[in-house]
Amino acid sequence: MPDAVVIGAGPNGLVAANVLVDAGWSVEVLEAQAEPGGAVKSDRGVHPDYVSDVFSAFYPLAAASPVLARLDLAAEGLRWSHAPAVLAHPLPDGRCAVLERRLQDTCAGLARFAAPDGDSWQRMYRTWSRLGPDLVQALFTPFPPVRSGLRLAAKLRASGGLRLARRLALPVRRLGEEEFAGEGGRLLLAGNALHADLAPEAAGSGGFGWLMSMLGQSHGFPVPVGGAGALTDALVSRLLRRGGVLRCGERVASVVVRGGTAVGVRTAGGETVAARRAVLADTSAPALYRDLVGEEHLPSRLLRDLERFQWDFATFKVDWALSGPVPWTAPGAAGAGTVHVADGVDGLTRFASQVATGRVPDEPFALFGQMTTADPSRSPAGTESAWAYTHLPQRITADAGPDGITGTWDAREQEAMADRIEAQVERFAPGFRALIAARRVLAPTTLQSLDENLRNGAINNGTTALHQQLVFRPTPGSGRPETPVRNLYLASAAAHPGGGVHGAPGANAARAALRSRGLHCVLHRAQRV
């Protein structure tokens with residue numbers, strides 16, 4: 001009998017398992033899919049000569065994560081690579097906002113949009129340099145982050161705390177208008193905010209756009225050499241080398257609860273796997289509570305709160321094998337690993353408005369990845385392994401475009417949406433479509449079939465909006481990995497601090513299990529009130 005059973009071998013499940021084995025626990029990880037990794041996988045499914053990342057691809061949060069740093073994955077062979085530039089946002093007139101690897105180069109580029117904007121970016125980065133390490137530490141520890149929070153509060157006071165807090169609470173459109181005279185800095189902030197489901201007018205989107213932009217400036221948007229799967233391979237290698245057990249193709253059907261305590265799991269094949277000390281679930285919150293635990297073991301208040309749980313936007317992704325580099329009209333986009341494709345901040349607002357009202361955008365905002373630019377091992381010299389994804393409504397009510405897409409995602413709808421994304425890229429890179437040697441389409445339903453946590457293509461396991469963060473994640477009064485069931489811990493991005501590949505939800509759950517007496521028993525009981 002293992003000390004702990006971990007449900008799911010995504011990055012958070014694997015991090016949780018590694019933290020537990022480091023503490024001397026025996027751990028068994030059960031994964032429904034045939035391979036581990038969750039949304040951190042790569043393959044050669046588009047073209048045999050091209051490595052494609054199936055889901056996530058760039059990892060600024062992993063680069064900044066103290067959780068992953070403590071695991072020392074370099075010892076397992078993990079290596080990182082960077083594109084010459086971090087991120088670019090081209091405009092139809094050929095101008096391009098570029099987040100460069102070097103601060104002075106970013107500032108120089110933004111100054112070409114408006115002379116004061118280089119200094120504005122530098123001031124913003126100085127604030128990050130003072131606060132960033134403590135902010136990241138506070139974000140990646142269980143809520144409330146007492147020690148790191150106290151350090152951060154002291155530095156906030158010294159940095160004009162209330163005014164800074166106000167700026168970070170602003171919608172990203174307003175933050176950009178206050179900080180930058182020209183369009184370049186505004187584009188970088190707003191595009192980064194829409195990596196999550198935060199419209200330019202959403203409260204708090206300024207803080208998220210600032211965080212991602214500053215992470216890009218300080219850490220870049222690195223990629224694992226050889227493909228995203230190399231990160232998973234390193235986590236698995238470390239776990240197995242320390243005595244952990246990983247079983248793939250083992251779907252967990254239910255958590256076994258006796259007397260209000262999780263004592264193991266039951267697989268779809270009928271096997272009961274007992275857990276001596278804890279069960280940790282790298283699953284969505286609705287799946288854990290409704291499907292695996294069952295309403296009879298849960299307080300009615302939690303069940304009512306789950307009715308208000310909000311998923312983040314759906315996602316539609318296309319992977320390409322390109323016979324040459326992307327012919328961007330704006331030269332500044334050529335060296336960037338990530339390219340934001342949209343008609344300025346107004347275009348982002350229009351796109352987000354269409355998604356919010358249930359319509360499939362007619363000119364989708366595309367996050368475009370140039371993977372060979374970031375890691376030359378991904379495809380033959382002179383070619384590009386590329387992808388783009390866009391967000392869609394979770395429930396489609398209409399199509400703002402001409403194709404009548406309804407969300408059934410049959411072959412016709414998948415091809416129409418992929419063509420729409422390609423047409424958007426073609427506007428900024430004429431000749432792009434002529435370079436396509438092969439493509440793969442991943443509709444929202446396809447993404448969910450490959451990773452059940454990606455509900456209809458929701459990549460953050462719940463909205464990033466303020467009403468479902470901190471003590472509201474995944475439901476009000478939560479904010480921690482403890483659940484109403486003793487010895488059961490939520491270890492996925494559904495828990496604080498949420499989405500992104502950084503390992504914090506898994507590590508937080510593991511540490512809660514390791515300290516499962518005293519205060520943590522009280523916290524389990526508090527979830528039942």
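Guide: We start with the helix pairs and then turn to the loops.

This is a predicted model, in which local features need pLDDT of at least 70, side-chain atom pairs count only at pLDDT 80 or more, and totals for chains, interfaces and linings use all residues. Residues are numbered from 1 along each chain as its sequence is written, and side-chain values use heavy atoms, with hydrogens and water left out.

Find helix 8, residues 172-179, and helix 9, residues 183-193. (Helices are DSSP runs of H or I with at least four residues, strands are runs of E with at least two, and both are numbered from the N terminus.) The axes of helix 8 and helix 9 come within 9 Å and cross at roughly 160°. That makes helix 8 roughly antiparallel to helix 9. (Axes are lines fitted to C-alpha atoms, for helices over the stretch in contact, and angles run from 0 to 180 degrees between N-to-C directions. Under 35 degrees counts as roughly parallel, over 145 as roughly antiparallel, 65 to 115 as roughly perpendicular, and the rest as oblique.) The crossing of helix 8 and helix 9 is right-handed. (A crossing is right-handed if the near helix is turned clockwise from the far one by less than a right angle, and left-handed if anticlockwise.)

Which residues of helix 8 and helix 9 meet? Helix 8 brings Val172, Leu175, Gly176 and Glu177, while helix 9 brings Arg186, Leu189, Ala190 and Ala193. (Contact means heavy atoms within 4.5 Å.) These residues divide into 5 nonpolar, 1 polar and 2 charged. (Ala, Val, Leu, Ile, Met, Phe, Trp, Tyr, Cys and Pro count as nonpolar, Asp, Glu, Lys and Arg as charged, and the others, Gly among them, as polar.)

Helix 9 also meets helix 10, residues 205-219. Their axes come within 7 Å and cross at roughly 105°. Helix 9 and helix 10 are therefore roughly perpendicular to each other. From helix 9 come Leu188, Leu189, Asn192 and Ala193; from helix 10 come Ser205, Phe208, Gly209, Trp210, Met212 and Ser213. The contact of helix 9 with helix 10 has 6 nonpolar, 4 polar and no charged residues.

Now look at helix 1, residues 11-22, and helix 11, residues 229-241. They pack at an angle of about 25°, with their axes 9 Å apart. So helix 1 and helix 11 are roughly parallel. Their crossing is left-handed. Pro11, Leu14, Val15, Ala17, Asn18, Val21 and Asp22 of helix 1 meet Thr232, Leu235, Val236, Arg238 and Leu239 of helix 11. By class, there are 8 nonpolar, 2 polar and 2 charged residues in the contact of helix 1 with helix 11.

Next, the loops. Asp375 sits between helix 15 (371-374) and strand 18 (384-392). Is Asp375 buried or exposed? Asp375 is buried, because its relative accessible area is 2%. (Buried means under 20% relative accessible area, exposed over 50%, and partly exposed in between, with a 1.4 Å probe and protein chains only.) The side chain of Asp375 reaches the backbone nitrogen of Gly226 at 2.8 Å. Leaving out residues up to four places away in sequence, Asp375 touches Ser81, Val223, Pro224, Val225, Gly226 and Gly227.

Ala330 lies in the loop between strand 14 (314-322) and strand 15 (336-341). Ala330 counts as buried, at 1% relative accessibility. Ala330 and Arg95 are 235 residues apart in sequence, yet 5.9 Å apart in space, C-alpha to C-alpha. Not counting residues up to four places away in sequence, Ala330 touches Pro90, Gly94, Arg95 and Cys96.

Gln310 is in the loop between helix 13 (300-306) and strand 14. Gln310 is partly exposed, at 33% relative accessible area. Its C-alpha atom is separated by 9.7 Å from that of Thr475, 165 residues apart along the chain.

Last, some backbone details. The peptide bond from Arg473 to Pro474 is cis, with omega near 0°. Pro474 lies in the loop between helix 17 (444-450) and strand 21 (488-490). The bond from His496 to Pro497 is cis, with omega near 5°. Trp409 has phi near 55°, a positive value in a residue other than glycine. Trp409 counts as buried, at 7% relative accessibility. Asn487 has a positive phi, near 70°, and lies in the loop between helix 17 and strand 21.

Definitions and conventions
Polar contact = N/O pair within 3.5 Å; in protein donor to acceptor, adjacent residues only side chain to side chain.
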